[in-house]
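Dear colleague,

I am passing on the structure below, together with some notes on what turned up in it. Please read them with the coordinates open beside you.

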Amino acid sequence: MLLTAKTEYACLAVLELALHQHEVKPLRIVDISSRQGIPSRFLVQILLQLKAAGIVTSIRGASGGYRLSRPANTITLGEVTSVVAGDCTQLTPNATTETPLSVALFQAWNQVTTAYQSHLDAISFDDLLQASVGQSEGMYYI
């Protein structure tokens, strides 16, 4: 699977929301955007998709923003990537004629994408938060 900017941004936004999931105040788009380097116009579209899928909720008003709709340990990479990039396990053959070779190739691709999706479905955003503990931010020296 090709990791698109949209998929990366969606995952970073969910990670940022997961990092602040126990706070009372929701996160504003401008905060997520500036912390993760996501263009705010693009982030709005991504958050709307995640909201439609039930992954995030929005709170209106001056003190509004976004938060996860459920705990980070119940949201997986597979779920988020499927929302923004589509389900990678739904391959269809492009060949106009089915041959034994094309069938074998298609079966192999399906096995790979099924294993890939299963792996993504096994990684929660809480797992990613735990993996980030102890990692330092990149430092720039002059």
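L68 touches V14, L17, A18, Q21, I55, V56, T57 and I75, leaving aside residues up to four places away in sequence, where a contact means heavy atoms within 4.5 Å. This is a predicted model, in which local features need pLDDT of at least 70 and side-chain atom pairs count only at pLDDT 80 or more, while totals for chains, interfaces and linings use all residues. Residues are numbered from 1 along each chain as its sequence is written, and side-chain values use heavy atoms, with hydrogens and water left out.

L68 is also among the residues with the most contacts inside the largest nonpolar core, alongside V14, L17, L50, V80 and F125, and that core has 26 residues. Such a core is a set of buried Ala, Val, Leu, Ile, Met, Phe, Trp, Tyr and Cys residues joined through side-chain atoms within 4.5 Å; buried means under 20% relative accessible area, exposed over 50%, and partly exposed in between, with a 1.4 Å probe and protein chains only. At least two residues of this core come from each of α1 (5-19), α3 (40-52), β2, α4 (77-85) and α6 (125-132), and α1 gives the most, with seven residues.

As for the secondary structure, the chain has six helices and two strands, arranged along the sequence as α-α-α-β-β-α-α-α; helices (H or I, at least four residues) and strands (E, at least two) are DSSP runs numbered from the N terminus. Strand β1 (residues 56-59) pairs with strand β2 (residues 65-68) in the antiparallel sense over four bridges, pairing being called when DSSP finds at least two bridges between two strands. Y66 in β2 is the bridge partner of S58, and in the hairpin, which has five residues between the strands, G61 takes a positive phi near 105°.

Helix α2 (residues 29-36) holds the buried residues D31, I32 and S33, and what covers the buried residues of α2 includes α1 and α3. Just after α2, G37 takes a positive phi of about 70°.

Over the whole chain, buried residues make up 29% of the 142 residues. Among contacts with a separation of 6 or more, 67% are between residues 24 or more positions apart.

With kind regards
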